[in-house]
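Please read this report alongside the sequence and the 3D view.

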Amino acid sequence: AAAFYPSDRYGYSELLSTPELAALGQLRTVLDKQVAPLLGEYWEAGEFPYQIRQPLVDLNLMAPEGATDSQGRTSGLYTGFRNFELARTDASVATFYNAQSGLFRTTVLKGGSPEQAADLDPKIRSFEYTGVFALTEPDHGSDIAGGLETSAWREGDNWVINGAKRWIGGAFTADVLAVFARDEADGQVKAFLVPRETPGVSMSKILRKTSLRMMQNADIELRAVRVPDTARLSNINSFKDVAALMRRLRSDVAWIACGLQAGAYEAALRYTLERQQFGRSLASFQLTQQKLATMAANVTASLGMVVRLTQRQEEGIFRDEDSAMAKMFTCTAMRETVALAREVVGGNGITLDTDVARFHADAEAVYSYEGTHDINALILGRALTGTGAFR
Ligand code: FAD
């Protein structure tokens, strides 16, 4: 039988159950029929095709039938391949979905109290309640752990939040923003679910992006924003708790980096098989085959890494450096893969008429978000050497 993904050379997707593969198959049908035809146009316009939201929501991808355990949870490998499948079609679509299913849901499930998590999770899974992850600030990206300036001050049963956030993906349409702010009393980072319409919240769209153009990112200002103490995620009491979230979030992004490069490689392979030069297909040339081989090996090595990382996380082994290494490595491989994909498609590889140009441009944002290559290398380096080099 044909592999579920042409780029999955070692058959990692064979580790999935039949209902999991069925759910991914349904997702692929929606992506191929309803999403793919819109991508070039919306990417060029810098707009998100919101008409794809409902078809994706209807698939119930966070708890597909037959693919959940007795507590309604999906397996880590299914979640990983879901990100892979989405990114294999488009990284903005994967990022949009992952903002809800990864960034926001993980923040509520791990950062909230068990009661908050139990109450909100069904609504998060069905997209009745949507949220985004607002950590990065205009003046603090890589150094957010020590640098975070947004402040929270407790007044009776309320908190008053002041500050600014940057790059927040999906904020314009979310019900709430999960805002990370430093408690002025104890100096520790806490998290609050701030309804988007709260007085004092204002946002503007980041324009003129050259990567992930469909994904809408916001600059957010928070001026004397008041939320009740019940809006606080009570399990987040310091940046250590935020770092614990990021171990999971980085793995999700490493899967996106695998999917993105798989999409680029598969599109490049199709193109080189069809396009004729010197009276034969591009794919028949040795130099082209060497590039295709490098791309296929990059996808396979990246997948092997995230599959094993995910299996270990399922066993309860979570270390900062493990997901940092996967984010770092898969993104480096991704960058090489998309560059080679673009190269073998020639001039057409810089137009939106072939998918590779979009993958090539979008890879740059994935390379930088959720911890840049440097920062993830330094997290790994600290674990390898016992010396933190980025204080
Ligand atoms: P900087 O921190 O200014 O870094 C610039 C360069 O300097 C990088 O190459 C970096 O690696 C390097 N550098 C920094 N410090 C060191 C050091 N000590 N040693 C060596 N090199 C160093 N954030 C959110 O909170 N929510 C979101 O939804 C979100 N979505 C995003 C979507 C997109 C498309 C993008 C681009 C970003 C998003 N981000 C989001 C923010 C993202 O996480 C940050 O961009 C990222 O952490 C890097 O921060 P920075 O852009 O401020 O770069």
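In which loop is I206 found? I206 sits in the loop between β6 (201-205) and β7 (217-228). Helices (H or I, at least four residues) and strands (E, at least two) are DSSP runs, numbered from the N terminus.

This is a predicted model: local features need pLDDT of at least 70, side-chain atom pairs count only at pLDDT 80 or more, and totals for chains, interfaces and linings use all residues. Residues are numbered from 1 along each chain as its sequence is written.

**Two partly exposed residues**

I206 is partly exposed, with 16 other C-beta atoms within 10 Å. A residue is buried if 20 or more other C-beta atoms lie within 10 Å of its own, exposed if 12 or fewer, and partly exposed in between; C-beta atoms are placed from the backbone. Leaving aside neighbours within four places in sequence, I206 is in contact with W167, N217, A218 and D219. Contact means that the two C-beta atoms, placed from the backbone, lie within 7 Å. I206 and N217 are 11 residues apart along the chain, and their C-alpha atoms are separated by 5.6 Å.

R9 lies in the segment before α1 (18-35). It counts as partly exposed because it has 14 C-beta neighbours inside 10 Å. R9 and A297 are 288 residues apart in sequence, yet 8.4 Å apart in space, C-alpha to C-alpha. Beyond four places in sequence, R9 is in contact with A296 and T300.

The largest nonpolar core has 118 residues. Such a core is a set of buried Ala, Val, Leu, Ile, Met, Phe, Trp, Tyr and Cys residues joined through C-beta atoms within 7 Å. V132, L177, V179, F192, A341 and V366 have the most contacts inside the core. Helix α8 (residues 239-274) gives the most to this core, with 17 residues. Of the 36 residues of α8, 26 are buried, so this helix is largely enclosed by the rest of the structure. F192 touches residues including A152, W159, V179 and R232, not counting those up to four places away in sequence.

**Helix spans**

Expected span is 1.5 Å times one less than the number of residues.

| Helix | Residues | First to last C-alpha | Expected |
|---|---|---|---|
| α8 | 36 residues | 52 Å | 52 Å |
| α12 | 13 residues | 18 Å | 18 Å |

**The sides of α12**

In α12 (373-385), I375, N376, I379 and L380 are buried. They cover an arc of only 140 degrees around the axis, which puts them on the same side of α12. The arc is taken from the directions from the helix axis to the C-beta atoms. The buried residues of α12 pack against α10 (320-344). On the other side, L384 and T385 are exposed. Just after α12, G386 takes a positive phi of about 80 degrees.

**Ligand shell**

Which residues come nearest to the ligand? Of the 22 residues around it, these are T136, G141, S142, T372 and D374. A residue counts as near if its C-beta atom, placed from the backbone, lies within 6 Å. β1 (131-134), β3 (158-169), α11 (355-368) and α12 each supply at least two residues of the shell.

**Positive phi**

F278, in the loop between β8 (276-277) and β9 (280-281), has a positive phi of about 55 degrees although it is not a glycine. F278 is exposed, with 8 other C-beta atoms within 10 Å.
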